[in-house]
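Dear colleague,

My findings follow directly after it.

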Amino acid sequence: MSAHGASADRLARFALSPARKRKDRLAQGLILAGTAIALVPLVLIIYYLLHKGLGAWSSSFFTTDPTGNTFFGGSSIGGIKSAILGTIEIVALASAISVPIGIGVAIWLVEYGRSSWFANTVRFFVDVLTGVPSIVFGLFVYIVLVVGTGSTYAGYKGSIALALLMLPVVIRSAEVILLLVPAALRESALALGAPRWRVIFNIVLPTALPGMVTGVLLAVARAAGETAPLLFTAAATLKTSFDLGGFMNSLPVQIYKDVTSPTTAVVNRAWGAALTLVVMILLLNLIARLIARRSRLA
Amino acid sequence: MLARSPLARLPDRALKYGLTALAALILALIVYFFIRLVGEARPAFAKEGVPGFVFGNDWNVGAEHFGALPLLVGTMITSALALLIGVPVAVAAAVYATELCPLRLRAPLTMLVELLAAVPSVVYGLWGIFFLAPKLQGAEQWLADRLSFIPFIGGGLVTIPNYFITGLILAIMILPIVSAISREVMATVPADHKEAALGLGATRWEMIRLAVLPYCRSGIVGGAMLGLGRAIGETIAVTILIGDSPTLSHHLFNQGYSLAAVIANEFGEAQGVHRSALFAAGLVLFVLTLLVNGVARLLVARAARGSSSGAPGAPGASDMTAVADTAAGT
Amino acid sequence: MIKNKMGALAGCAILAVGLAACGSSSSSSTPSSTTATTASSSGSATISGAGSTFAAPVYEQWGSSLSKTLTVNYQPVGSGAGITAIESKTVDFGASDPPLKPADEEAIAKNGSPAVQIPMFLGAITVSYNVPGLKTGLKLEGKTVANIFLGKIKTWNDPEIKALNPGVNLPSTAITVIHRSDSSGTTSGFTSFLSEVDPEWKSKVGEGKTVQWPTGTGEKGNAGVAGGVEQTTGAVGYVEQAYALTHNFTVASVKNKSGKFIEPSLASTSASGEGVTVPANLGIKVINSPAASAYPITSQTFVVVNKDLCKAGIPGGEAAAKGVVKFLEYGLGEGQAILAKADYAALPAAILAKSKEALAGLQCNGTAIG
């Protein structure tokens, strides 16, 4: 009747019922629980890695190559220098191949291909590629580039296998991110007369950069830890090498060889190497995010 | 006035044709990859016949008889488990990080979840088999005994390597990628969508359910597909955790085999028909991912048609009405 | 600003690729190039090999002992892949545990020179068990082992085991069989022993690098089986001697062909090389050796090369051919003495002599280099 009563009625309709409050609290609780569940394995694994791997760390661990000298006691087995450098070289080359190509294809899919049948075909096959096991990529490069050409193992062949592994992940994640750039941003730039390529490089890419960095980092992390593609392509050598055209050691292969060794000191080295790999990727993550953040504010 | 000279249009043209050529190249590469695989796999298919290979229930290297059904089933079970367990947890973590988490904790939390991606697969396998699997064996046995009336889950002996532990570890492995992509997508939900819901009186959870999740649906599915791809193709961890027994096990907590694992285990020593059978297994994986992706696309397309708005994944008018209705307590 | 940062990133990537490209030698894609893998500092040669995982620690150790003048790059990809590697000339030498099949010998000979397999050393496969209270040396017959792995014997106090071990207190613990899940020469050795001593095993399961195990859990690699045995009370598994020793396993004394129960040791393993027939192509099989003091479950391993390495066109060329010979010379000489340090067994004198003979026959383009 009175204005006061009418608005009170209307407000009462919007009041928070106890049922909704309960649902809200339950849902928030479940979400928190889910997040905690996601973190528990991480804590356990990191603890396990530290427990098994930290003991192997020492200054010589990082500065000496593995020696293969496993018969004469723990001190002469060497460290993992060649494996660390090898991983950096092989993964850097793999990224240099897959990241520009992957982002290029993603840009094409979003900006030019859109929903054409051709674009849909590309999208579909890229998706399918995500399910191929890493070992099959290694075997493919093995048949085509090693056995096929009758030439020997080489670091760059391992990089190619890894690039194949990374490509679908980079393309797909970049595409998801690029699709989220608001159409309005593009349209206003185009309306102001900017040419297409400028819109892409100056508006779309910088906006999408942090998200794409995430996708790229995940692909790099995966590639850095994969053994199978390298076993049949890059082949390991114990010595440090800067020649990607020849044999090259890498952390995952070194870990794989060492972890199955009968000598305890060598197994410990494997765990130390695994810990090193995780720390390296963590550092890469931090550095890349710092760069991405700075470029966003600039 | 805004017309540009043909010369000025050159970079645009170059970019367009360049990128199109690149996409075509990638497609050609994938097709070549497929063709090479088929070539290597042909002897095995010639011996067993395609349905014989895919649905044959006997992988016997000694007798040179290759039926991949136990492997296929193992791959499907473990990947399904990985999705069932991993995607909800990943999305929950993403929701927490973007909506509910205190601002200061956001970056560290994100970094922690993504740290899971840094762990090499061989470490997952070893941690699983030496640490987690023995610890869970008691609980798995208890579950199997209590639920013995449910086929497949209950009854039967619990072995340390089994489908369940494999699916569990795979779920952990796909967590970072599903979570990261979901998070990125959720972070781009326009603030006004969320504020509109809150302004209408929605609780936090209702706002998430009505304004955030529908907007992110196809992005989350994209992330889940990448996670599924990883689960289907994961080799070394599965090899260590699944027990590698080439028989179709009837229990969740028993050992089995997977397509990727058999390739890793046997390729080093395989020759002749055996080798080509392993390539055929890789091909089956290829086709499996193809089918799964096809089905997923259909589902997403159908869901998108269901919501009335035009923008990809954006909430439609019907969703907004839903918010108002809920807010009104109806 | 943004352009600068992205330009910097792009520049870094290009620089990395550029460095890599400059570093890699240009001849890496041409077959049988002599410069790709042999260029090394201080004039030392580089040789590459691939194959047996069993032999990997030994070849790496020998390589390390020779590292001042020779670099040995060895890939433990498995005996089968090793044979494929030497067939397709992707490595200078191959390594295999089982002797070459005729088809393999033919395929390798296609490269222009016949295949030569040289026995290098021996190893034992132990039957390791984890039963509290049971010490090392439980007496088992080949047939008994087969019955355990067939699943016919289910508990440790089974009458069959009791009969062989009077006076030993056997618990009623259930037996958990642990076997290999991956293809391996160790499985091949173990199953070929069981096939020889038990006709039922031979018909039901047979031998091979991968078999259909009637019972038990599969674990990956020797390390996996060792871990499985360690973790499970009542477990029994077959592991290479080196792993059994590292893990301090209790191992069974297995009855050999002469009827004696022998514990696996370096001496009994080397003894298994005595009394075996040595075929013309040196493709020996030391399993279930007739020698009196031999441990029956042993395995050999070979290095596989072409007789005329240079003619066959190995990737490392002439320098690598000489390097391979040096490597083999060391292995059959001083290398035999240090095997004991890692619990591998040296070849008995008769076979060692034959190996050295084969080594002496290696050539490079017609001239002897062995």
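Chain B is built from 12 helices and two strands. Read from the N terminus, its elements follow the order α-α-β-β-α-α-α-α-α-α-α-α-α-α. Please bear in mind throughout that this is a predicted model.

On the fold of chain B, 58% of its 330 residues are buried. Of the contacts in chain B between residues at least 6 apart in sequence, 71% link residues at least 24 apart. The accessible surface of chain B amounts to about 12,800 Å², and carbon and sulfur atoms account for 69% of that surface.

I then turned to the interface with chain A. Chain B contributes 92 residues to the contact, and chain A contributes 88 residues. Between the two chains an area of about 7,900 Å² is buried, 79% of which comes from carbon and sulfur atoms.

As to specific interactions, there is one salt bridge across the interface of chain B and chain A. In a salt bridge, the side chain of R20(A) meets that of E206(B), with an N to O distance of 2.8 Å. On the side of chain B that touches chain A, helix α1 (residues 10-48) of chain B gives the most, with 18 residues. By residue class, this side of chain B comprises 63 nonpolar, 16 polar and 13 charged residues.

With kind regards

Definitions and conventions: Residues numbered from 1 in each chain as written. Chains lettered and ligands numbered in written order. Predicted model: local features only at pLDDT ≥ 70, side-chain atom pairs only at ≥ 80, totals over all residues. Heavy atoms only, no water. Contact = heavy atoms within 4.5 Å. Buried area = accessible area lost by both parts, 1.4 Å probe. Salt bridge = Lys/Arg side-chain N within 4 Å of Asp/Glu carboxyl O. Helix = DSSP H or I, 4+ residues; strand = E, 2+ residues; numbered from the N terminus. Nonpolar A, V, L, I, M, F, W, Y, C, P; charged D, E, K, R; others polar. Buried < 20%, exposed > 50% of the residue type's maximum accessible area, 1.4 Å probe, protein only. Areas by Shrake-Rupley, 256 points an atom, 1.4 Å probe, with all protein chains shown as cover.
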